Amino acid sequence: MILRLVNYFALALSLLLFSLPAFAQDPVLDSIPVSDFGTVEELEIGGITITGAEFSDQQAIIAVSGLQVGNRIRIPGRDITNAMKKLWDLRLFEDVRILQTQRVGEVVFLEIQLVERPRFLRHSLEGVKRSYHDDLNQKLSRHLRRGSIVTENALRNIERDMLGVLRDKGYLDATMRIEQKPDARISNSIELNIFFDTGSKVRIRNIRFTGNEEVSNRRLRREMNDTKERRRLFATSRFDRELYHEDKKSVINYYQTLGYSDARITGDSIWRDEGGRLNILIHIDEGNKYFVRNIAWSGNTLYDDRTLSSVLGINKGDPYNKDLMEQRLNFSMDGRDINSLYMDDGYLFFNVTPIETAIDNDSIDFEMRIFEGPQANIDRVVIRGNDRTHEHVVRRELRTRPGRKFSRADIIRSQREIMNLGYFDGENLGINTPVNPQRYTVDIEYDLTERPSDQVELSAGWGGFSGLIGTLGVQFNNFSVRNIGNRSAWRPLPQGDGQRLSLRAQTNGRFFQSYNASFTEPWLGGNKPTSFSVGGYYTKFSSFFSSQATGSRGSLAIARGFVGLGTRLPWPDDNFIFNATLNIENISLNDYGSFFTFEGLPVDFGSYNNFSIKTTIARTSLADPIFPRSGSRISLSIQFTPPYSLFKSDNFWVLDDAEREALIANENAKIVERGGEIMTPSQEQTLIRREELSDRFRFLEYHKWRFDVEWFTPIVGDLIFRASAKMGYLGLYNRSLGLSPFERFELGGDGLNNQQTGITGKDIIRLRGYEVNDIRRGLIDDPSIFNKFELELRYPISTNPNSTIYVLGFLEGGNAWNRFSDYNPFDLRRSAGLGLRVFLPMFGLLGFDYGFGFDKPDLIRDGARWSDYGNFSLILGFEPD
């Protein structure tokens, strides 16, 4: 046996020796004259040339090979072999050869011949939806870029990632093929043609559980956010393995919230049925359900056990919910946790650790071990990123001040106030708290990102008979009056002091002009949050048709000036604000139809003065004025005038039906003489009415009350719920005088007139799905009392500060009445619909709503089509009432 092995070894050695001359004739070194490869020669490299390296650096290739001119190498030997291996390892070449080009004595000249791999130029995708191209292209760009080497490894990774995209979208049977095609225009470049066969989407048919005795299959399926059965028309049911594993963790987390701390998934099965759909069976071991028995506290000196247990809110006999206990100890969204209790009092180094001290069958005893630590004070407050806004504008809004005790609540409030300024991107607002444990101090660092806050409105056109139509408006929300004289501060306008300046002019040719200007200083004097506002408006409306009585077009002109002061209240908390505004207004009417009425009679002539004071007390806790996610806003306002009529004894009257009939009883009396003027009886009647009403309401008197409330809260993820209620009431001082025909309410429509003109002598309240006439039908005058209720669901499409976009669905109900005795808060005109909002910093809020009004008795009686119940409304500039 040993002799046979020796013979085999001798034969193999002979074959190896005979093969050496044949290897010596290989093209790699076939030009090196060697007569006997049993003899190793040591030669000096006299020169090295590179051929075939069109896109690679030749000096780099020589350096990588390890061969250098002047070096001595052994032939045959490892020097040439190692050089070729190093070049192959670069994965840049399809072929590598090293040849001898010349030999002079013991000096040899070498040539490195290379064939470069092709480089990627472009690609195409076929057989797949165009909507998937972006995702697929992104995967390809991770491995290949224009000009990079196309390797087999890169192609395998591309195939893996692209198929992964399709499988995430439900195409579990997808296949693909990559063809490499040389490009005719650029040498050594190739185009990748990628062909897909996606097949049909594979849907999840059933998800079942075994071992779940305490929780139903349906409830467990609800915890699987990304793995769903195809039970609803628009429900997604694609299978993604990574998301499926996350959903299994969610199932176990849910069990743990119920007290099943030992719950686990013991296995699962996934198979395809005859129709190709997926079936999933998950095996669960629920384990025992545990309850909290005793909770003891240790290390607490600042608060007693009863106070801490009250904040914790977990009682003896409650199921052991690990997540809830963690929230109540360290961080709860509602601020009810032990950590906040200490942190808000400066105990930055506080720590609490729950320890399971005993487990008795299904009961667990806990000891909450507290380390209170020392109180920490704020050392420095650093503000960064405020490129346009001056630092004092930000700093005055902060609740965190150097020298104060650290408070997490103050940081949260400061974050909210910065966002409410509207100058910074709330999504990128960063807050850092570096700690100095030796000094027991902490720094607060606010990293801000400025966003555009000014708005411009510009439009122009020619309306033929109307004349010039256009709007020019600017609103500077971060203006600086003190830097108007400083040319270096104009970028392009002086800004950074947080003041608001608004200028606007609008015309609709002959029929409408409006001009307004306003200025607000939010911190008058710079030391306290006392706001000062001043402004003026002028609006004029002209009738489209001339009056038959006067032969000229009627007009309505409203001029108003105002000045206001506001301040933040320290009680009940500093979320409250108070504002008082003095308004001086004149309303001039000249044969302007029935826009205002009194007891059914048009108020269309005369000059009316409106001197009023409006006071508002409000509380707001909203964190983002553009897309609020949580918080509330409540306001109560009272606007009142002096009770002029109580200080004089004038007897006011209006024409009753008998007097009105008497004026026109004589049909043959075509003309009468009054005040030296010749007129018809109807003209005389009109003049009497105008004179009486103009004198009666020369100085308006009323008291008007408004109560508004809205509340926001997140439902699931970014889905936001909004609820709001609005109520208004216009009262009088003197019943014999009657209720003012001005300052009433107009309910219905989209509120667009109020958005565009700002003042119309009445409060215009939007009611989606209804026109104004739908609400006013049956009322003698404009309503003096109204209420409206809204429910909305909002979902953001984009929260980018340059274009915030969200969609909404709403339910709405409202109504209006002439008298308080007729008021019924449950008699509502109901509607529902959908809407879209787009906030652009330069243009403000834009959007639309489509509302479907349910309570339209005229349409119901006439058997109208369902589309007649809908109303389309626009939003321009800001959200109407």
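Strands are DSSP runs of at least two residues, numbered from the N terminus. The model described here is predicted.

Helix H2 covers residues 58-65, and helix H3 covers residues 78-89. Their axes come within 8 Å and cross at roughly 125°. That angle makes H2 oblique to H3. On the H2 side, the contact is made by Ile61, Val64 and Ser65. On the H3 side, Ala83, Lys86 and Leu87 take part. By class, four of these residues are nonpolar, one is polar and one is charged.

A second pair is formed by helix H4 (residues 133-141) and helix H5 (residues 152-168). Here the axes come within 9 Å and cross at roughly 155°. Angles over 145 degrees count as roughly antiparallel, so H4 is roughly antiparallel to H5. The crossing of H4 past H5 is right-handed. H4 contributes Asp135, Leu136, Lys139 and Leu140 to the contact. H5 contributes Ile158, Asp161, Met162 and Val165. This contact has five nonpolar and three charged residues, with no polar ones.

The length of H5 can be checked. At 1.5 Å a residue, its 17 residues should span 24 Å. The end C-alpha atoms are 24 Å apart, which agrees. The buried residues of H5 are Ala154, Leu155, Asn157, Ile158, Asp161, Met162, Leu163, Val165 and Leu166. An α-helix has 3.6 residues a turn, so residues three or four places apart point the same way. Just after H5, Gly170 takes a positive phi of about 100°.

Most residues other than glycine have a negative phi, and most peptide bonds are trans. Trp571 and Pro572 are joined by a cis peptide bond, with omega about 0°. Pro572 sits in the loop between strand S23 (553-568) and strand S24 (576-590).

Asp591 has a positive phi, near 55°, and is not a glycine. Its loop runs between S24 and strand S25 (597-598). The relative accessible area of Asp591 is 12%. Buried means under 20%, so Asp591 is buried.

Glu743 also has a positive phi, about 65°, although it is not a glycine. Glu743 lies in the loop between strand S32 (719-731) and strand S33 (745-747). At 6% relative accessibility, Glu743 counts as buried.

Key. Residues numbered from 1 in each chain as written. Predicted model: local features only at pLDDT ≥ 70, side-chain atom pairs only at ≥ 80, totals over all residues. Heavy atoms only, no water. Axes fitted to C-alpha atoms, helices over the stretch in contact; angles between N-to-C directions. Helix = DSSP H or I, 4+ residues; strand = E, 2+ residues; numbered from the N terminus. Parallel < 35°, antiparallel > 145°, perpendicular 65-115°, else oblique. Contact = heavy atoms within 4.5 Å. Nonpolar A, V, L, I, M, F, W, Y, C, P; charged D, E, K, R; others polar. Left-handed = near helix turned anticlockwise from the far one by under 90°. Expected span 1.5 Å × (residues − 1). Buried < 20%, exposed > 50% of the residue type's maximum accessible area, 1.4 Å probe, protein only.
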